[in-house]
Amino acid sequence: MIPGGGQPNMQQLLQQAQKMQQDLQRAQEELARTEVEGQAGGGLVQATVTGSGELRALRIDPKAVDPEGGSREETAETLADLVVAAVHAANENAQALQQQKLGPLAQGLGGGGIPGLPF
């Protein structure tokens, strides 16, 4: 609804849309530069991803590959599980960051979310 019952100012609407697009682009660029971490096994495995979900680093504590507690196969399987869990945790943190950075912009675009984004 337009205040005062008049016609929408198309120039003003276009300017608002352009500003929102610029804000969204800046937020996406910031997400691509921001790194978040996830860990598993009490920190034995740590994964670092960007706010846009790109895996940047994976750190494995040497204690995680010590087969003293079982066979090499068991150790490898446990290590694989820890890596998956750490990457999953890092991606959850990246999604939370996306929601924090992009959520208000999506609401400004009508609240229906943006196609291709997880909110």
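How many helices and strands make up the secondary structure of the chain? The chain has two helices and three strands, where helices (H or I, at least four residues) and strands (E, at least two) are DSSP runs numbered from the N terminus.

The model is predicted: local features need pLDDT of at least 70, side-chain atom pairs count only at pLDDT 80 or more, and totals for chains, interfaces and linings use all residues. Residues are numbered from 1 along each chain as its sequence is written, and side-chain values use heavy atoms, with hydrogens and water left out.

**The whole chain**

Of the 119 residues, 24% are buried; buried means under 20% relative accessible area, exposed means over 50%, and partly exposed lies in between (1.4 Å probe, protein chains only). The accessible surface comes to about 8,100 Å², and 51% of it belongs to carbon and sulfur atoms. Such areas come from the Shrake-Rupley method with a 1.4 Å probe, and for residues only the protein chains shown count as cover.

**The sheet**

Next, select the three strands, which form an open, antiparallel sheet in the order β1-β2-β3. The edge strands are β1 (35-40) and β3, each pairing on one side only. Two strands pair if DSSP finds at least two bridges between them.

Select β1 and β2 together: six bridges join these antiparallel strands. Within this pair, Q39 stands opposite Q46 in β2. Then move to the hairpin of β1 and β2, which has four residues between the strands; there G41 takes a positive phi near 65°.

Strand β2 (residues 45-50) comes next, and five bridges join this strand to β3 in an antiparallel arrangement. Is β2 largely enclosed by the rest of the structure or largely open? Five of its six residues are buried, so β2 is largely enclosed by the rest of the structure. The hairpin of β2 and β3 has four residues between the strands, and G53 in the turn has a positive phi of about 95°.

**Strand β3 and Leu58**

Now select residues 55-60, which are strand β3 and include I60. L58 is also placed in strand β3, and A47 stands opposite L58. Which residues does L58 touch, not counting residues up to four places away in sequence? They are V45, Q46, A47 and V83, where contact means heavy atoms within 4.5 Å. One of these, Q46, is twelve residues from L58 in sequence, and the two are 5.8 Å apart in space, C-alpha to C-alpha.

**The nonpolar patch**

Finally, select L58, I60 and V65, which make a nonpolar surface patch of about 220 Å². Like charges are joined within 9 Å, and nonpolar side chains (Val, Leu, Ile, Met, Phe, Trp, Tyr) within 5 Å. L58 is partly exposed, with a relative accessible area of 38%, and I60 counts as partly exposed at 37%. In a regular strand, side chains alternate between the two faces of the sheet.

Key: Patch = residues over 30% accessible without salt bridge, like charges linked within 9 Å, V, L, I, M, F, W, Y side chains within 5 Å. Salt bridge = Lys/Arg side-chain N within 4 Å of Asp/Glu carboxyl O.
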